[in-house]
Amino acid sequence: MDGIQITEPKKLSAISKTENFDSIDSAKVIITKALLLREDFITFLGDERAVYPVIPARIGIGKISAVSAGDNSGFERGNRVFPHPETACGKCFECFQGDKNNCSDFNIAGKNADGFLRDFVVLENEDISLLPPSVNDYTALFIDHVAMCDKVIDQIKLSKGEYVVIVGGDVLGIFMAQLAMYYQAVPILVDNNQKNIEYAKRAGVYYTLFADNKLEKSVAELTGARLAKKVVYMTGSNLNSDIALKLAGEHATVCFAGFGTPSLRVNFNIALIKQLNFICVTNGYGNIDSAINLLSNGACNPTLFNIPTVKQTQAMEKIKEMASTLNYDAESGMLIVDIL
Ligand SMILES: [Zn+2]
């Protein structure tokens, strides 16, 4: 296996190692495209949660090149597939109980396990999903985003006609709004970045609000003074979490959602006064196949974004350049690498 690894913070190097392909119920996947996310750049810059050395790129797509002998998964050589970005550890208490959805120690690609900036990967069949022809390679790169948004919508029990305030218009926040609309809920997207607000408008989000001191009044007017019963705060945004709590009504549910785990400060005074409920979602584990269906049905439109693409040979240089210019524009910290 040949790839690029982060040997230690701010250092990249080529890596070549042998990967065993002898276990049952597994497949060898040739990676064709990798997508680096902000989290990969945070790992590159230095993250306590990362285990170095580590191959970056949380997301990858590829083609099956071999299946194990006697395999009955139905996978065939040449199938386009999405290898899952997070896999259950198989060792914790929850995994032993068969409750992999609640694994307490997920292997996270590009963080504590190798990501997809490499030529191939060997994975267990259950950690690979088949891609239908209706989901093209570019769209497939966003399966994990949609899976996480779908999981949030499940967990906050968002219903038809209900308002949901989304604080943060990064790519994940805009997908969240699109998916809320697909389920016929009413998203109100808040950001302090005009560029992200424009993206949200282009995505068809009707209520977009600039984060200023009139925000609470505007949401109260929209929701008939009760404020929102459902609020999603995108942890990848740089907005003050007070905004999420202030826009939440009495007994509302506030969900903190994102792939990262930044050190956030939350004002519990507001939470206690309003008796808020909190939920945290950091992955789309368990919702991957549902996300593939949603993308196949056009529930979210990933072609809105302008994400740079480079060949693998240019990846190291581009990663270093982008790491020095990270900001909070929607697609900042996202890079597609063509592997083949
Ligand atoms: Zn586990």
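1. Basis of the model. The structure is a predicted model, in which local features need pLDDT of at least 70, side-chain atom pairs count only at pLDDT 80 or more, and totals for chains, interfaces and linings use all residues. Residues are numbered from 1 along each chain as its sequence is written.

2. Overall dimensions. The chain has 340 residues and a radius of gyration of 20 Å, which agrees with the value near 20 Å for a compact globule of that length. The radius is taken over C-alpha atoms, and the globule rule is 2.2 Å times the number of residues to the power 0.38. Along the principal axes, the C-alpha atoms fill a box of roughly 60 × 40 × 40 Å.

3. Composition and burial. Eleven helices and 17 strands make up the secondary structure of the chain; helices (H or I, at least four residues) and strands (E, at least two) are DSSP runs, numbered from the N terminus. Of the 340 residues, 45% are buried. A residue is buried if 20 or more other C-beta atoms lie within 10 Å of its own, exposed if 12 or fewer, and partly exposed in between, with C-beta atoms placed from the backbone.

4. Contact range. Among contacts in the chain with a separation of 6 or more, 71% join residues 24 or more positions apart. Two residues are in contact if their C-beta atoms, placed from the backbone, lie within 7 Å.

5. The open sheet. Six strands, in the order β12-β11-β10-β13-β14-β15, form an open sheet with parallel pairing. Its edge strands are β12 (207-210) and β15 (277-281), each of which pairs on one side only. From one strand to the next, the twist averages 20°. Two strands pair if DSSP finds at least two bridges between them.

6. Pairings within the sheet. Strand β10 (residues 163-167) runs parallel to β11 and is joined to it by five bridges; Tyr163 stands opposite Val186 in β11. Strands β13 (residues 228-234) and β14 (residues 248-257) pair in the parallel sense over six bridges, and the bridge partner of Tyr233 in β14 is Phe256.

7. Strand β11. Six of the six residues of β11 (residues 186-191) are buried. Val186, Ile188 and Val190 point one way, while Pro187, Leu189 and Asp191 point the other way.

8. Leu209 in strand β12. Leu209 is found in β12 and counts as partly exposed because it has 19 C-beta neighbours inside 10 Å. Leaving aside neighbours within four places in sequence, Leu209 is in contact with Ile188, Val190, Leu215 and Ser218. Leu209 and Asp191 are 18 residues apart in sequence, with a C-alpha to C-alpha distance of 6.7 Å.

9. Helices across the sheet. Helix α4 lies across β13, β14 and β15, running at about 160° to β15. Helix α6 (residues 194-202) lies across β11 and β12, at about 175° to β12. Axes are lines fitted to C-alpha atoms, for helices over the stretch in contact, and angles run from 0 to 180 degrees between N-to-C directions.

10. Packing of α4 on α10. The axes of α4 (residues 143-155) and α10 (residues 288-296) are 8 Å apart and meet at an angle of about 105°; the two helices are therefore roughly perpendicular, a term for angles of 65 to 115 degrees. Ile143, Val146, Ala147 and Asp150 of α4 make the contact with Ile288, Ser290, Ala291, Ile292, Leu294 and Leu295 of α10. By class, this contact has eight nonpolar, one polar and one charged residues. Ala, Val, Leu, Ile, Met, Phe, Trp, Tyr, Cys and Pro count as nonpolar, Asp, Glu, Lys and Arg as charged, and the others, Gly among them, as polar.

Methods: Angles under 35 degrees count as roughly parallel, over 145 as roughly antiparallel, 65 to 115 as roughly perpendicular and the rest as oblique.
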